Amino acid sequence: TLYLSIPLVWFYFLFRVRGELNMKEMRRVSVMERKEETNIKLQPLRFLYHVYKPQFYYFESIEMFRRIFYIGLVPLISDSTSICAIAGVATSLISLIMYREFEPFELASTNVLIHIAQ
């Protein structure tokens, strides 16, 4: 449960400042301009959202849950390695579809790279 608390806390912090994130980001500032961000409330959280499109500010929390599932839960699903493999492949396909449909990253090249990596 400790592992699940980290992405939940990240989501909570991001959710608290979502208005400031979206208000600033609605102007569609470029990734390079965001590096100059001066809002003191947003700077500590920048590593969680700066690569994502404004409407997907929370996506790092989803990504962290996905990683926890792969590392912590898939091996525990069954004693059979084939069932664990099927669960891992099914989760990968769901992730691939999710990334393809949402394209959450600001840079198109990052969206292409995540498709290849899945």
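Start with Val17: setting aside neighbours within four places in sequence, Val17 is in contact (heavy atoms within 4.5 Å) with Lys41, Leu42 and Leu45. This is a predicted model, where local features need pLDDT of at least 70, side-chain atom pairs count only at pLDDT 80 or more, and totals for chains, interfaces and linings use all residues. Residues are numbered from 1 along each chain as its sequence is written, and side-chain values use heavy atoms, with hydrogens and water left out.

**Cores**
- Val17 belongs to the largest nonpolar core, whose eight residues also include Leu14, Leu21, Tyr49 and Tyr57.
- A nonpolar core here is a set of buried Ala, Val, Leu, Ile, Met, Phe, Trp, Tyr and Cys residues joined through side-chain atoms within 4.5 Å; buried means under 20% relative accessible area with a 1.4 Å probe, protein chains only.

**Overall make-up**
- You'll find seven helices and zero strands in the protein chain, with helices being DSSP runs (H or I) of at least four residues and strands (E) of at least two, numbered from the N terminus.
- Of the chain's 118 residues, 31% are buried.

**Helices α5 and α6**
- The axes of α5 (residues 59-73) and α6 (residues 81-102) come within 11 Å and cross at roughly 165°; axes are lines fitted to C-alpha atoms over the stretch in contact, with angles from 0 to 180 degrees between N-to-C directions.
- That crossing makes α5 roughly antiparallel to α6 (an angle over 145 degrees).
- Where they meet, α5 brings residues including Phe59, Ile62 and Arg66, while α6 brings residues including Gly88, Met98 and Phe102.

Technical notes: Buried means under 20% relative accessible area, exposed over 50%, partly exposed in between (1.4 Å probe, protein chains only). Angles under 35 degrees count as roughly parallel, over 145 as roughly antiparallel, 65 to 115 as roughly perpendicular and the rest as oblique.
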